[in-house]
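Below is a short report on one protein model. It covers strand pairing, a surface patch, a disulfide and salt bridges.

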Amino acid sequence: MNDDDYSATELGSHWFERPTPEATPDRVEGEVLRFGPGVTAAAVRRAENSPTVVQIWHGTLPGVPAPRPARSRWPWRYAFAAVVLVAVLVFLAWRQYGPTVAVRDVTVSTPGHRLDCDSTADVVGVVRTDGRPGTLTYRWERSDGTRSGALTEKLTRGQKEARLHLLWTFRGSGTHQAVARLVITSPSPHSSAVTFTYHCG
């Protein structure tokens with residue numbers, strides 16, 4: 001071979017177009033698969049004009065790991081939504097089944113501090129709460145030594161005040177200083193009292 005006629009392009013073209021009989025290419029369903037370090041432009045042009053289909057392999061070389069696909073962020077989005085859902089369910093359960101009503105303040109009063117002959121005092125106890133549902137347990141105590149039994153008052157959600165009444169009737173002549181006391185026993189102990197005068201003479 002003349003050195004002046006030698007070129008890398010012709011050598012590469014010769015390799016792809018006319019392999020030696022010993023280097024028989026693999027055949028898969030009638031297609032010729034050719035492997036090598038590269039394909040020259042001349043070989044590609046000849047392959048386009050040839051009835052045989054040439055496939056150029058672009059796979060990963062042996063021993064080189066394939067790049068890992070990027071991890072999706074969707075699982076983190078689902079995890080955040082699940083956390084929010086659990087938090088909402090816990091809050092609703094706490095409101096429904098959590099701590100019962102809490103008493104904040106108790107006051108007792110009457111419309112006036114003096115009663116005339118044969119009158120009835122309307123003693124009013126006002127219990128202020130935190131607005132949670134629950135049941136108040138209470139009793140009335142009077143200065144004449146009598147007391148009521150255990151009484152209850154149910155409070156609904158959002159109800160922040162309960163008004164409890166004691167009607168105390170007086171008869172006859174004379175002057176009497178009366179004391180009425182409201183005692184809350186549950187959910188926590190509280191009490192308040194009011195003093196008024198009955199006068200008939």
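## Strands 10 and 11

Strands here are DSSP runs of E with at least two residues, numbered from the N terminus. The model is predicted. Strand 10 and strand 11 form a hairpin, with 3 residues between them. Strand 10 spans residues 174–186, and its pairing with strand 11 is antiparallel, over 11 bridges. One of the bridge pairs is Ala-178 with Phe-196 of strand 11.

Strand 11 covers residues 190–200 and also pairs with strand 5, residues 114–115. That pairing is parallel and has 2 bridges. Two bridges are enough here, because DSSP must find at least two for strands to count as paired. In this pairing, Leu-115 has Tyr-198 of strand 11 as its bridge partner.

Is strand 6 largely enclosed or open? Of its 10 residues (120–129), 7 are buried, so the rest of the structure largely encloses strand 6.

Strand 6 has antiparallel partners. Strand 4, residues 103–109, joins strand 6 through 6 bridges and runs antiparallel to it. Thr-107 bridges to Val-126 of strand 6. Strand 9, residues 161–169, is antiparallel to strand 6 and joined to it by 9 bridges. There, Asp-122 has Leu-167 of strand 9 as its bridge partner.

## The disulfide

The structure holds 1 disulfide. Cys-117 and Cys-200 form it, with their sulfur atoms 1.8 Å apart. The link is right-handed, with 100° about the S-S bond. Which parts of the chain does the pair link? Cys-117 sits in the loop between strand 5 and strand 6, while Cys-200 belongs to strand 11. These are distant parts of the chain, 83 residues apart.

Cys-117 has a relative accessible area of 36%, so it is partly exposed. Cys-200 is at 12%, so it counts as buried. The cut-off for buried is under 20%.

## Salt bridges

There are 7 salt bridges in the structure. One of them joins the side chains of Asp-105 and Arg-128, at 3.2 Å from N to O. Asp-105 is in strand 4 and Arg-128 in strand 6, so this pair ties together parts 23 residues apart in sequence. Asp-105 is partly exposed at 33% relative accessibility. Arg-128 is also partly exposed, with a relative accessible area of 33%.

Glu-141 pairs with Arg-147, their closest N and O atoms 3.2 Å apart. Glu-141 counts as buried at 19% relative accessibility, whereas Arg-147 counts as exposed at 57%. Arg-142 and Asp-144 form another salt bridge, with the closest N and O atoms 2.8 Å apart. Both ends are partly exposed: Arg-142 at 26% and Asp-144 at 40%. Elsewhere, salt bridges with shared partners join Asp-105, Arg-128, Glu-161 and Arg-163 into one network.

## A nonpolar surface patch

Which residues form the nonpolar patch on the surface? They are Phe-80, Val-84, Leu-85, Val-88, Leu-89, Phe-91 and Leu-92. Together they have about 690 Å² of accessible area.

Leu-85 lies in helix 3, residues 74–97. Its relative accessible area is 52%, so Leu-85 is exposed. The threshold for exposed is over 50%.

Terms used
Residues are numbered from 1 along each chain as its sequence is written. This is a predicted model: local features need pLDDT of at least 70, side-chain atom pairs count only at pLDDT 80 or more; totals for chains, interfaces and linings use all residues. Side-chain values use heavy atoms; hydrogens and water are left out. Helices (H or I, at least four residues) and strands (E, at least two) are DSSP runs, numbered from the N terminus. Buried means under 20% relative accessible area, exposed over 50%, partly exposed in between (1.4 Å probe, protein chains only). Patches are made of residues with over 30% relative accessible area and no salt bridge: like charges are joined within 9 Å, nonpolar side chains (Val, Leu, Ile, Met, Phe, Trp, Tyr) within 5 Å. Accessible areas come from the Shrake-Rupley method with a 1.4 Å probe; for residues, only the protein chains shown count as cover. A salt bridge is a side-chain nitrogen of Lys or Arg within 4 Å of a carboxyl oxygen of Asp or Glu. A disulfide is a pair of cysteine sulfur atoms within 2.5 Å.
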